[in-house]
Amino acid sequence: MATEADRGDLTDHLLMSSVWSDEDVAAAGIPIVDRTVVTVGGGMGSFFVANLLRTSGMGVDEIVACSGNEEPHETYEFLADNSQIPRHERLRSDSQAMPDNLWGFPSFAWREARQGYRKGLWQVLTEPVIAEYFTPSSGVVYAGVAAEAARIGWSQMLARGQVRMVRRRFGGGYFTLLTPPPRTTPTKRVAYRSRYVHVAIGYPGARYLPDLQDYRTRTGDHIRVVNAYERHEHVYRALASGPRRVVVRGSGIVASRILQRLLDDRETGRSEVEVIHLFRSYADEGSEQGPPPRRRTHLGFAYQPFNLPKSAFGGQLADELEAVGDPHERARILGSWAGTTTAWRHSWVTQLERCLRTGSYRQVVGEVASVDRHDDRLMLTLTGADGRSQTIEADFIIDGTGLQADASDHRVLKDLMDHSGVELNPMRRLSVEPNFELSAAAQPPGRIFATGSMTLGSYYSAVDSFFGLEFAAWRVVDTVAADGSTRRIGPRRSVSQWIRRMRGVAP
């Protein structure tokens, strides 16, 4: 006999069925809520789409954002904080890539100038010939997102909880099954019935290199071996208690932020840390040769202002990629554009040079054969390019090599693959059309879209950036408007909505 706690739970029939009927959902005791658009994730990708939909004239009662967070920037800020980009530090983003201002004007540089940071205007006017690229401080970005979320009625669109699955619906459209927080609703699940679904779940989680994952599995040690994207302030606190040695792995923007935090603590007397920086491959000194993009290289790092060449965001390279039909060829092109890079920041590069001279920072090149623990020390066995082995002792290892990237590792995406025909591209991300539609899962007149990092390898490269999320959101909303489900944002509506945005008035 079903208990009160079982009300509105999944039945075996629903779990096995790829297409649900209204009657089957109702028979399971799951309440059905109608919306025009459901966006899954509730992070920055969902925020961009919801903001554009509101700008186009769609009401808050037509959109639902399913999320475990209150604010759309919460997950982004969590990852940035852990990777040592607190609110006073600067992101790797352009002045006009503004999540809270779809028009990009007035820009972040202008906003910060009004707050007293006038150097930013000079940087924008002279970048990159005289000055380094201007990038906004993360705190300014978060404050803007919070204000814009309040303006567009984010809290009214928000449905707190965890999305269990998205299934196609008999008659067209989709059901999105949400598990709300315990004891917040009369039933365990809520089914949102909609014509459109937008999926923007970000990365499934932190990625560990195989040797580090093996060590953590064998020993259960999550204290000495950490990922840069997970909370690891305990490492910096431990370093303040006496001489310690830390191995940092990775050569991208996250690894450079970790290195700066460690070396700042060393140079200001907050620790006596010795930093060993482990490179798997070491970039030769001087500019890279060969076809574009050519990157400046120094001290083993490849430098690039943003994570891709700027024309890949909306210029010649973006047009070239969209014209490529073969997914394998797109993957090859993206591999040549991306790679592991960090931003050139003179103060940080000078710090590395200074610490190399003093010996507080050392660089080692090699492949890790194994990670073990002896007494209270970590033992890394490395194999160099010459085949020789060496062992490095350390107190901590910080892995700055990235986040988990395989779309099949996320429960909702895996369910879409199993039940809706969604496929992965050669980069193990979702295969989407130029308008970011998952055409294999279409249920006319319904459409399902995906944007963000899980679509890399399709027709647009800069998917994991503010500009890329906005670009994708425009494609999604233009498609919805072409279907007649919302208004098209033409010049007149764009100007009127910009004025309302500048006045702080709801769309």
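I call a residue buried under 20% relative accessible area, exposed over 50%, and partly exposed in between, with a 1.4 Å probe and protein chains only. By that scale V129 counts as exposed, because its relative accessibility is 76%.

**Ground rules.** I am working on a predicted model, in which local features need pLDDT of at least 70 and side-chain atom pairs count only at pLDDT 80 or more, while totals for chains, interfaces and linings use all residues. I number residues from 1 along each chain as its sequence is written, and side-chain values use heavy atoms, with hydrogens and water left out.

**Overall form.** I counted 18 helices and 20 strands in the protein, where helices (H or I, at least four residues) and strands (E, at least two) are DSSP runs numbered from the N terminus. I noted a C-alpha trace spanning about 70 × 60 × 45 Å along the principal axes. Of the 507 residues, 53% count as buried. For contacts I require heavy atoms within 4.5 Å; among those between residues at least 6 apart in sequence, 69% join residues at least 24 apart. The accessible surface, by the Shrake-Rupley method with a 1.4 Å probe and, for residues, only the protein chains shown as cover, comes to about 22500 Å², of which 51% belongs to carbon and sulfur atoms.

**Around V129.** I placed V129 in the loop between helix 6 (119-126) and helix 7 (138-152). With W122 and I130, V129 forms a nonpolar surface patch of about 390 Å² of accessible area together. Patches take residues with over 30% relative accessible area and no salt bridge, joining like charges within 9 Å and nonpolar side chains (Val, Leu, Ile, Met, Phe, Trp, Tyr) within 5 Å. P128 is found in the loop between helix 6 and helix 7 as well, and the peptide bond from E127 to P128 is cis, with omega near -10°.

**Other backbone entries.** Most residues other than glycine have a negative phi, and most peptide bonds are trans. L299, not a glycine, has a positive phi of about 55°, lies in the loop between strand 13 (296-298) and strand 14 (301-303), and is buried with a relative accessible area of 12%. F436, likewise not a glycine, has a positive phi of about 70° in the loop between helix 16 (411-420) and strand 20, and is buried at 3%.

What does S453 touch, leaving aside its neighbours within four places in sequence? I found G202, Y203, R429, V463 and D464 in contact with S453, which lies in the loop between strand 20 (447-450) and helix 17 (466-482) and is buried, with a relative accessible area of 4%. Helix 17 has 17 residues and reaches 24 Å from its first C-alpha to its last, close to the expected 24 Å, the expectation being 1.5 Å times one less than the number of residues. Its buried residues, including F466, L469, V476 and V480, pack against helix 3 (44-56), helix 4 (74-82), helix 7, strand 9 (196-199) and strand 20. Just after helix 17, G484 takes a positive phi of about 90°.

**Salt bridges.** I count a salt bridge when a side-chain nitrogen of Lys or Arg is within 4 Å of a carboxyl oxygen of Asp or Glu, and the count comes to 38. R501 bridges E148, with the closest N and O atoms 4.0 Å apart. Because R501 lies in helix 18 (residues 491-503) and E148 in helix 7, the pair ties together parts 353 residues apart in sequence. R501 and E148 are both buried. R428 forms a salt bridge with D406 at 3.0 Å, and R428 counts as partly exposed at 41% relative accessibility. Salt bridges that share partners join D100, R111, E148, R151 and R501 into one network. I also logged R270 with D265 at 2.7 Å, N to O: R270 is partly exposed at 49%, whereas D265 is buried at 6%.
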